[in-house]
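Subject: Structure handover

Hello,

Here is the structure for you to work with. My notes on it follow below.

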Amino acid sequence: MLSDNLKAKFDQVIARYPVKRSAIVPLLLFAQDEIGYITDEAIEEIARRVEVRPIEVVEDIGYYSMLHRQPVGKYNFQVCTNVSCQLLGGEEILDHCSKRLGIGHKQTTPDGVFSLEEVECLGACCGAPAMQVNYDFYENLTPARIDRLIEEFKANGKA
Amino acid sequence: MADATATVNLTIDGKPVAVPTGTLLIEAAKQVGSEVPSFCYYPGLALQGACRMCLVSIEKMPKLQTACTTIVSNGMVVNTQHPEAVNGRKAMLEFLLTNHPLDCPVCDKGGECELQDAVFRYGAAETRFIETKQHQDELKFSSLVYYDRPRCILCYRCIRVCDEGMDVNAYGIGFRGSHSEIIPNHGEHLECEECGMCVDICPVGALTSGTYRYKTRPWELTYTGTICNHCGDGCKTTLSVRNNEIIRANNRDHSGFNGEFLCAKGRFGWDFVNSERRLTAPLVRHNGKQEASSWEDALDLTTARLQDVLEKHGPGSVAVIGSNRTTNEENYLLQRLARTILKTNHVDHHRTGDFSTLVSSLSEAGASDRYASMEDVARASSVLLIGNDPTQQHPLLAYQIRQAVRQNNARLYVVNRSEVKLALRQAAVFAKVGVGEEAAAVRELAGDGGSAEITTLRDKIAKESDTVVIFGDEIQGEAVRELVRWGLGLPGHTRFIALGDYANSRGAADMGVLPGSLPGYQPVGSSEWRSRYEAVWEMPLAAQPGRNLREIFDAIESGAIQALLVVGSNPVKTFQLPRELLGRLSLLVVAELFPTETTEFADVVLPAATFAEKAGTVTNTCGQAQAIKKTMRKAGTRSDFEIIVALARGLGHSWPYRSSEDVLREIITHVPGYAIALPSLLVGRAVMTRPQGAPPALERPDLVFSSHDTLFTSGTVSRFSWALNSVDEAKRPHGHIF
Amino acid sequence: MSDYQSYMKGSPLEVKVISGRFHLPNSTSIDVFLAHDGYKGLQKALQMGPDAVINEVKNSQLRGRGGAGFNTGLKWSFVPKNIDKPKYVVCNADESEPATCKDRPLMEYDPHQLIEGIVIAGYAIGAHQGYIFIRGEYRYLMEILDRALAEAYSRGYLGKNILGSGFDFDLATHTGAGAYECGEETALLNSLEGLRGYPRVKPPFPAVVGVYGCPTIINNVETLACVPHIILKGAEWYAGLGTPKNGGTRLFCLSGHINRPGVYELPMGFPLRRMIEEVGGGIPGGKNLKSVIPGGSSCPLLTADEIDVPMDFDSLAKIGSMLGSGGVVMIDEDTCMVKVAQRIMKFYAHESCGWCIPCREGTTWLKALLDRFHGGGGSMGDPDTALDISYNILGKSLCPLGDAAAMPTISIVKKFRNEFDEHVRLGECPFESRPVAA
Ligand SMILES: Cc1cc2nc3c(=O)[nH]c(=O)nc-3n(C[C@H](O)[C@H](O)[C@H](O)COP(=O)(O)O)c2cc1C
Ligand code: SF4
Ligand code: FES
């Protein structure tokens with residue numbers, strides 16, 4: 001069941017466009033932010049509200065790489081390995097995360113606290129190597145910094 | 001011939017050519033005989049510019065251009081064979097093959113694959129691709145449609161034909177980049193009209209047919225163009241046969257008014273022909289039990305027993321029920337047999353649309369040129385649809401209406417008791433009426449007043465011209481007269497279509513399988529017309545109109561009718577007859593394809609041939625006559641033509657017909673409205689008939705009723721179609737909108 | 001959030017026009033903005049009239065900062081004047097070109113500057129609605145912009161009858177959800193309409209048939225941020241800051257092997273060598289420079305001896321590369337160029353929308369080939385095959401993403417062929433990967 005907040009947000013976003021379907025991608029992202037991933041229910045609800053067939057919503061989900069149909073960890077490590085980051089050790093950062101978290105690309109820890117993803121350029125090239133945890137940027141990364149972050153998140157994650 | 005202002009002059013491959021403004025370069029190229037290859041381009045469907053196969057070089061343009069998206073302009077100088085363009089094509093093909101499995105030897109499409117052909121013509125022999133291909137297992141979208149992703153070249157034709165042609169919108173695209181794939185609308189599953197247009201239009205073996213896959217190689221088949229035997233629309237279809245078995249049906253040559261269109265029944269529903277449950281030997285009742293017998297014995301018995309009944313009970317003691325699917329020639333002969341040799345006008349059939357009243361009212365108005373054809377519908381600027389649900393009952397008609405709306409912005413006006421799909425999706429005005437109030441609505445349209453919708457509809461149609469008026473069984477008798485009177489008063493050249501259920505419903509009426517009408521809707525009461533046909537048939541005809549179906553049943557009840565001959569019809573089921581009724585007959589003879597509720601009671605059952613096993617003509621619901629061709633033979637069966645002629649001979653009359661074509665000639669010379677050009681018929685054209693006549697008015701409205709078949713049912717025969725019964729949609733409630 | 005220092009290290013050589021307010025405390029608030037010439041450009045524009053605004057921008061020689069470098073005023077002038085359809089302004093804040101991170105500070109530190117530019121653009125072409133298309137990853141920037149939009153509405157710089165001029169303009173943010181291709185203007189329009197981000201066939205161009213089938217101009221964040229200054233200080237002044245036909249300044253993002261990575265505002269035509277040595281402080285560890293990506297990963301790479309070039313659109317075009325999006329990446333001598341090519345192609349294969357064959361299949365093939373090659377499984381024929389594949393994509397794809405994938409590959413294979421041959425000779429990569437800076 002979608003929260004009233006979310007429903008209110010849906011109405012407000014849809015109102016921005018002369019054509020309702022324009023709201024599909026924002027709505028999907030907002031739904032995912034709240035639920036953690038995109039559920040069948042969300043698809044039906046969004047399709048209904050913007051007056052398209054569910055398959056048109058499914059088509060968008062497949063296209064946009066930030067949208068997923070499976071739950072991800074409370075903390076989703078999205079490590080950039082594109083050129084600028086790669087040159088400064090982006091791949092080593094990714095490997096380090098993988099070792100410390102014991103998971104690989106697009107995997108989630110059994111306790112559901114962490115997920116790991118190798119992503120394309122995040123627009124943090126001058127702060128390379130960089131990553132995003134959910135929507136927050138972490139830049140000028142080092143393995144030591146990663147270790148500290150993981151500890152912090154573990155603490156919050158359990159709580 | 002477009003006028004100078006509307007044409008553009010350009011040069012393609014050194015040849016000057018003039019084409020209408022707005023022409024696409026890829027089409028213009030065809031005119032000078034330069035073939036530009038393409039996968040995603042498909043005439044009539046939205047432009048994609050995706051496959052890049054149509055790259056050509058145009059002077060003064062920095063890079064190669066796609067001919068499928070370039071609109072010609074004056075003075076353009078195009079080279080379709082420029083080395084760069086040729087290399088471009090080669091490159092695209094090499095790209096396509098990188099992830100395309102080279103399993104052509106076991107691929108259904110092998111031999112008729114557009115990719116295979118393109119590689120043969122423009123491609124490189126060897127590929128430099130040595131990386132590993134992305135494999136993916138084949139998916140079953142439905143029992144009739146399978147998808148093989150690695151073979152898919154993503155031309156998006158299936159998506160477009162489903163959206164733009166069918167308005168079903170069952171397909172989408174999943175994922176992105178090289179992982180992109182075609183996805184069905186319900187998870188793993190396709191929920192749609194199962195028309196199979198996607199399978200047909202797929203240039204490669206990505207979408208395959210559940211009935212055809214892995215069965216054969218295209219070059220092992222023999223192809224025969226004929227007419228679908230299901231609904232009354234009369235789609236042209238090509239049956240592909242291998243050793244006396246139909247393997248598939250499609251219409252790739254786009255011949256006929258349906259172009260490439262076929263619905264689920266047309267594309268897959270022919271398989272009843274191959275059913276093991278076909279009757280293949282005559283059955284004769286011996287002390288209560290039906291037993292197989294030889295044709296000779298069965299026919300001798302039949303004629304002998306008919307003789308007795310006639311001797312014991314005299315004229316009028318025999319009745320005949322005809323078919324909605326047998327050919328015009330067979331219907332013509334059947335009523336001749338009844339009226340002459342069997343000395344009875346008690347001949348009728350299950351009337352699914354009120355053709356008689358349409359014919360008489362147009363004739364009275366001297367407007368017998370106002371029958372609309374299937375082509376007229378697609379070209380119409382305005383269509384009025386009263387009753388019926390064409391999406392379910394007349395798939396091609398629905399397709400034509402959608403074409404009219406999509407391609408020439410035609411306005412569709414709908415009067416219906418329920419929210420049929422056309423009303424919801426294409427209608428400019430939808431006047432919903434109560435159950436059974438369609439006739440009242442017509443009266444309101446023709447007069448004044450009525451609901452708000454009816455009023456708007458009346459006003460809007462008054463501003464249209466050349467409206468095509470289409471009506472279902474909800475409109476009959478007086479309501480038809482009313483509708484025609486009003487319609488003819490509308491601006492322009494109004495034309496009409498009465499809808500009837502099956503492949504030859506119209507022909508059965510046209511050929512006089514009716515108690516009161518001789519062929520061509522001429523009243524048996526008319527001495528002039530009687531004497532005309534007496535001259536042709538060399539036997540006297542009774543002036544007294546016969547009993548209609550309902551009256552025939554009453555007469556069987558009362559014992560007035562002792563013998564009944566049923567050809568290609570299942571009255572017990574259709575009319576829900578009480579079991580004991582037919583038991584009262586002293587003789588019941590049934591010519592049928594399958595054991596049915598009616599054959600159960602028969603004293604003699606004669607195994608008949610299907611539409612695929614005989615030649616002749618059928619007339620669609622619009623009145624367009626078309627030829628069906630003999631595609632194969634079924635051991636043990638005989639065509640109704642042969643059966644009727646044999647019965648006549650058995651009863652002492654040897655008719656002069658060697659083939660149904662001889663009968664057709666007689667029809668052409670003697671039946672009003674059927675003076676059609678035999679040659680054009682034989683080359684596969686649809687020829688419009690224009691019956692004129694004054695058949696007796698309908699005594700009882702309940703004589704005309706549609707069976708309201710769905711996309712997946714077709715009277716009795718669909719019960720014997722694996723394909724039609726295999727799809728989930730068939731189990732859904734009727735009228736379900738996809 | 002990102003921390004100010006790591007981006008804005010600053011350099012005495014900078015000429016601050018659009019980054020002028022970045023350092024101000026609380027720079028995102030409308031009051032700070034108004035206290036530093038905020039919305040003055042808009043006021044002036046509303047007096048000038050639409051045509052004058054378009055001409056001013058045209059004469060300023062402002063060229064698109066999104067990558068294509070098309071004259072902005074000229075693009076605006078293509079919008080049909082008397083047409084009864086609504087018109088739209090779309091700000092391209094999809095910033096996804098690898099090595100590019102300059103729109104980010106523009107929105108993070110000076111959102112009102114962008115809003116002002118967009119309103120002026122809307123006024124110039126007669127639009128009453130605008131959208132800012134922000135890449136999904138920039139959620140925090142959307143929040144900053146939404147706050148700024150609310151402020152602008154409350155102060156009458158957006159909405160009905162702006163500053164009593166009778167001109168109405170509404171502006172809203174729109175989030176993407178992870179797709180580089182949606183930065184391409186026509187794919188962006190489809191995405192904005194709720195469709196998959198597939199490019200459209202051109203012509204018609206967006207200026208004539210854009211979003212919802214209506215005339216639409218699409219401009220990059222940085223481009224629009226320049227507009228208020230041009231209106232306020234004049235075309236001549238702005239043009240004078242740069243080189244002929246390349247007006248004004250530009251945000252350059254120095255990244256990769258450089259001592260002082262960061263975003264610097266420098267005049268158009270600023271010499272690349274000085275950018276590296278004086279602004280960026282040279283290559284770390286005193287190493288030698290091997291190659292430079294001059295404007296995002298879509299541009300042909302330069303060798304170390306091609307860096308004596310003024311950084312403007314035409315000069316880079318002259319030496320067969322592009323100024324692109326302003327993402328300048330320094331690559332040192334210890335870097336494997338095959339690996340660079342491989343990583344770049346991994347990106348394009350991942351981001352190809354999949355609509356047209358050459359891009360979809362070509363990038364996938366190149367990626368597979370380069371993976372194998374860098375992994376040690378290469379053969380002498382592979383580099384030529386890679387070149388061939390690239391040329392078969394080049395100029396044949398529906399949108400420029402195909403070209404963007406082909407061009408860097410071609411330049412790397414051609415300019416660093418010896419490194420490819422080394423891989424084959426050794427059967428492995430001659431460079432071991434660089435240790436992470438501790
Ligand atoms: C594949 C591809 C990605 C692009 N990504 C962006 C982008 O992220 N941001 C941007 O402003 N322009 C991007 N562009 C350029 C836009 O298509 C368009 O030219 C630009 O937004 C126009 O604005 P401008 O004239 O102000 O530069 C991209 C182009 C292509 C072909
Ligand atoms: S529409 Fe009617 S005639 Fe045409 S294929 Fe379907 S069932 Fe056969
Ligand atoms: S036919 Fe022109 S791109 Fe496919």
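Chain A first. Its domain assignment gives domain 1 (4-63) and domain 2 (75-158); such bounds come from an automatic or database domain assignment. The C-alpha centres of these two domains of chain A lie 28 Å apart.

Some ground rules. This is a predicted model, in which local features need pLDDT of at least 70 and side-chain atom pairs count only at pLDDT 80 or more, while totals for chains, interfaces and linings use all residues. Residues are numbered from 1 along each chain as its sequence is written, chains are lettered from A and ligands numbered from 1 in the order in which they are written, and side-chain values use heavy atoms, with hydrogens and water left out.

Now chain B. It has 25 helices and 30 strands. These are DSSP runs, numbered from the N terminus: helices are H or I with at least four residues, strands are E with at least two. Along the principal axes, the C-alpha atoms of chain B fill a box of roughly 90 × 60 × 45 Å.

Of the 738 residues of chain B, 63% are buried (under 20% relative accessible area; exposed is over 50%, partly exposed in between; 1.4 Å probe, protein chains only). Take the contacts in chain B between residues at least 6 apart in sequence: 70% join residues at least 24 apart. Contact means heavy atoms within 4.5 Å.

Two loop residues are worth a look.

B:Asp501 sits in the loop between strand S22 (495-498) and helix H17 (505-510) of chain B. Its relative accessible area is 7%, so B:Asp501 is buried. B:Val605 is 104 residues from B:Asp501 in sequence and 25 Å away in space, C-alpha to C-alpha.

C:Ser352 lies in the loop between helix H14 (337-351) and helix H15 (357-377) of chain C. C:Ser352 counts as buried because its relative accessibility is 1%. Beyond residues up to four places away in sequence, C:Ser352 touches B:Arg176 and B:Gly177, along with C:Cys359, C:Arg360, C:Thr363 and C:Leu401.

Best wishes
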